[in-house]
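Here is a friendly walk through one protein chain. Have a look at the sequence and the model, then read on.

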Amino acid sequence: MPKFPDLAEYAAAIAPIIDAAHVNVHASALKAVTELAETSGVTPGLLSDLRFVFPLRPVTRAQLGSIYRYGETDVQEQVRKGTLVEDDGVLRTTAEGLEFIHRLYEVHAAATERVWGGHDLPGLAGLAGRVLDQAGRTPGGALEAVAPPYEPEGAAPGLLLFNRLAVLRYHRADAHAAAWQAAGLSVAEIVGLRDGPLRAGIETDTNLRAGAAYEVLSADERDTLYDGLLKLV
């Protein structure tokens, strides 16, 4: 019998597991990323956050507004350091910025092998990829800007899984934004909203919206994805 027969319940349960697995790799890679940043003279910031986007396509200021709904990022510093160029609100990586991203991918590949080795990474990456393909793109939303992720030829399955999970998190972020907007709230209001019936209702709506992406998997596959990611935390 499946653990989570209801898609909304499943979305609520797997979200923190996805977050924890993603953060686990970042924590393992932190020392190496810091050394890379120091030797290259590059601030990871936006380049790290959108490492899976810039090698494929530029990012607009409007898209950044969706990706960073609740704060700002270091665009001006990246432009000043020569890792990004901006033309009429469109941001592209320079050769230096792209080189940093490629080296960052190498660091993350090593980290996933180190902390996730011995698990069924090809299988989990395949399941995560199917969910990501199924996830609806809200026009003007964050997922529309960041998907599909950059996946270099020959990339290790752990690296594929890591970045697919990173991008999938934006699907839930869009679902959450749609839920609080449907409740008539602004960014400032949702950030300051305390626990209570309104927030609980928004979380319920978020899970309903986020759960649709997992419909592409069978109940057994959903359990496999959940159990497999839990072992990576």
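Which residues make a nonpolar surface patch of about 270 Å²? Tyr70, Val187 and Val191 do. Before going further, bear in mind that this is a predicted model, in which local features need pLDDT of at least 70 and side-chain atom pairs count only at pLDDT 80 or more, while totals for chains, interfaces and linings use all residues. Residues are numbered from 1 along each chain as its sequence is written, and side-chain values use heavy atoms, with hydrogens and water left out.

Back to that patch. Patches are made of residues with over 30% relative accessible area and no salt bridge; nonpolar side chains (Val, Leu, Ile, Met, Phe, Trp, Tyr) are joined within 5 Å, and like charges within 9 Å. A salt bridge here is a side-chain nitrogen of Lys or Arg within 4 Å of a carboxyl oxygen of Asp or Glu. The areas come from the Shrake-Rupley method with a 1.4 Å probe, and for residues only the protein chains shown count as cover.

Val191 sits in helix α9 (residues 187–192). Helices (H or I, at least four residues) and strands (E, at least two) are DSSP runs, numbered from the N terminus.

How open to the outside are a few of the residues in this report? Buried means under 20% relative accessible area, exposed over 50%, and partly exposed in between (1.4 Å probe, protein chains only).

| Residue | Relative accessible area | Class |
|---|---|---|
| Valine 191 | 55% | exposed |
| Tyrosine 70 | 46% | partly exposed |
| Tryptophan 180 | 3% | buried |
| Proline 2 | 28% | partly exposed |
| Aspartate 88 | 77% | exposed |

Tyrosine 70 also takes part in a ring pair. Rings of Phe, Tyr and Trp (its six-membered ring) pair if their centres lie within 6.5 Å; planes under 30 degrees apart count as stacked, over 60 as edge-to-face and the rest as tilted. By this rule the count comes to 5 aromatic pairs. The rings of tyrosine 70 and tryptophan 180 have centres 6.4 Å apart and planes at 50°, so this pair is tilted. It links distant parts of the chain: tyrosine 70 is in the loop between α3 (61–67) and α4 (75–81), and tryptophan 180 is in helix α8 (residues 157–182), 110 residues apart. Elsewhere, ring pairs join Phe4, Tyr10, Tyr214 and Tyr226 into a cluster.

Now for the strands. Three of them form an open sheet in the order β1-β3-β2, with antiparallel pairing. The edge strands are β1 (59–60) and β2 (84–87), each pairing on one side only. Two strands pair if DSSP finds at least two bridges between them; β2 and β3 (residues 90–93) have 4 bridges. Within this pairing, leucine 84 has threonine 93 as its bridge partner in β3.

Aspartate 88 lies in the loop between β2 and β3, and has a positive phi of about 55° although it is not a glycine. Another backbone feature is the cis peptide bond from alanine 147 to proline 148, with omega near -5°. Proline 148 lies in the loop between α7 (142–146) and α8. Most residues other than glycine have a negative phi, and most peptide bonds are trans.

Finally, the whole chain. Its secondary structure comes to 11 helices and 3 strands. The radius of gyration, taken over C-alpha atoms, is 18 Å. Of the 233 residues, 45% count as buried.

How values were computed. The radius of gyration is taken over C-alpha atoms; the globule rule is 2.2 Å times the number of residues to the power 0.38.
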